[in-house]
Amino acid sequence: MDAPASHRITLASGEAFFCREDDESVFAAMRRANAGPAKSGCSGGGCGICKMKVAAGSFRVIQPMSRAHVSAQDQANGIVLLCCILPLSDLTLSPVGFE
Amino acid sequence: MALNQTLRPGLIQLRVLDLDKTLNFYKNILGLDEVARTSDGRVCLKTYDEFDHHSVTLRLADEAGLDFVSFKVDSEETLDRMAKETEAFGYPVKEIPANSDQPGFGRRIRFQISTGHTFELYASVELAPKHPGLRNPDIWNEQPHGMGVIRLDHFLLYGPNIAEAERFCTEVLKMYVPEVCNLPDGKRLATWITGNNKPHDLAFVEYPKPGKIHHVGFLLQDWNHVGQVADLIAINRLKKDIGPTRHAITRGQTIYFWEPSGNRIEVYASGYTASPDNPQRVWDSDHLGRGLFYYEGEMIPSFLEIVT
């Protein structure tokens, strides 16, 4: 049986890291790679520190995101908390401004 | 012992994003016991060593964070007087009937303070079905499980105009302020407030957004207990924020970590014994990092940036 696919996640800064489809979350992979602006976070969808826009690529949502940080409209536009998603393809992320 | 009418924070209601996963944490890892469920699906919990009906209520919601905190006062007379004084202070008061949304609790008064947080006061609450022994008691009846936290201890709230919130706590709730942190212009950056001999029942940090909670603190026995909890944080793959370390402020030995819905928990031991006649300790804001994280000697950015 093949291992779950690993996808390349690229930040606006040009930094990139890899995240497996069965990883903990994109945020967890980003932290392991010491990439991205958020150095710490609740990882539970509550604090909003890992909010970003998925500019390209597909993903799945693995836990609820606090509506204090991501409205249903935001989510429909690709705005997510990285601790709440896993990739289904390579992803390109863009900043939306940290709260 | 200098109990000043407001006895302690006795109840907190938190919003959680995933009730099953988060409840599993509170019961099986933090070590609380489930006391009751409400008809609208909220879950009421307490520690093994608390007498009162429950101290933590979890509510499934689409945002994490704090619904309200509730303080126990020493009598119904104090409750009536504080209701009047709260109105006079400028916060409209609403009364919540006994045994309504919080099973086992007597009437509560509810109001919003300057920081945007909802506060409540109550005087009467039933004993929990399972409470510590009263006659020739053992130290516990059922062995504490998980992290085995002893009691709901305190919380840290973030919001605007903490100077007014502090004044409300001292003037109306008759609490006192063992420690403060001031900005160079003399304005409050943070304040630690208590109604008893704990170094804090609650604390505030000045913050532009209203109604935010930084953490809920639960009491541990000692430094060794802090170490056991650190093991459980690692074993259960919980997300640790800071520690184990020591606060110079309050002197507490501590770990911060996040529960599964992203609310921050502190486990805390060995704070000093506060007394209202002791002089107030004052921290300059450029020393706050060392005051909070004594072993690290500097501020840890996540402490000031991440709230729910």
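Me: What pLDDT does chain B average?
Reply: This is a predicted model, and chain B averages a pLDDT of 96. In that chain, 99% of the residues score at least 70.

Me: And what ipTM and pTM does the complex get?
Reply: The predictor gives the complex an ipTM of 0.91 and a pTM of 0.95.

Me: OK, helices now. At what angle do H2 and H3 of chain B pack?
Reply: About 150°, with the axes 11 Å apart. H2 covers residues 76–89 of chain B, and H3 covers residues 162–171.

Me: Is that parallel or antiparallel?
Reply: H2(B) is roughly antiparallel to H3(B), because an angle over 145 degrees counts that way.

Me: Is the crossing left-handed or right-handed?
Reply: H2(B) and H3(B) make a right-handed crossing.

Me: Which residues meet there?
Reply: From H2(B) you have B:Glu85, B:Thr86 and B:Phe89. On the H3(B) side they meet B:Glu164, B:Arg167, B:Phe168 and B:Glu171. Sorted by kind, the residues of this contact are 2 nonpolar, 1 polar and 4 charged.

Me: New topic: which residues does the cis peptide bond join?
Reply: B:Gly243 and B:Pro244, with omega at about 0°. B:Pro244 belongs to strand E14 of chain B, residues 239–246.

Me: Last one, A:Ile79. Buried or exposed?
Reply: A:Ile79 is buried, because its relative accessible area is 14% and the cut-off for buried is under 20%. This residue is found in strand E5 of chain A, residues 79–81.

Me: What does A:Ile79 touch?
Reply: Leaving aside neighbours within four places in sequence, A:Ile79 is in contact with A:Lys51, A:Met52, A:Lys53, A:Val70, A:Asp74 and A:Val96.

Me: And how far is A:Ser94 from A:Ile79?
Reply: Their C-alpha atoms are separated by 9.3 Å, and the two residues are 15 residues apart along the chain.

Conventions:
Residues numbered from 1 in each chain as written. Chains lettered and ligands numbered in written order. Predicted model: local features only at pLDDT ≥ 70, side-chain atom pairs only at ≥ 80, totals over all residues. Heavy atoms only, no water. Helix = DSSP H or I, 4+ residues; strand = E, 2+ residues; numbered from the N terminus. Buried < 20%, exposed > 50% of the residue type's maximum accessible area, 1.4 Å probe, protein only. Contact = heavy atoms within 4.5 Å. pLDDT = per-residue confidence, 0-100. Axes fitted to C-alpha atoms, helices over the stretch in contact; angles between N-to-C directions. Parallel < 35°, antiparallel > 145°, perpendicular 65-115°, else oblique. Left-handed = near helix turned anticlockwise from the far one by under 90°. Nonpolar A, V, L, I, M, F, W, Y, C, P; charged D, E, K, R; others polar.
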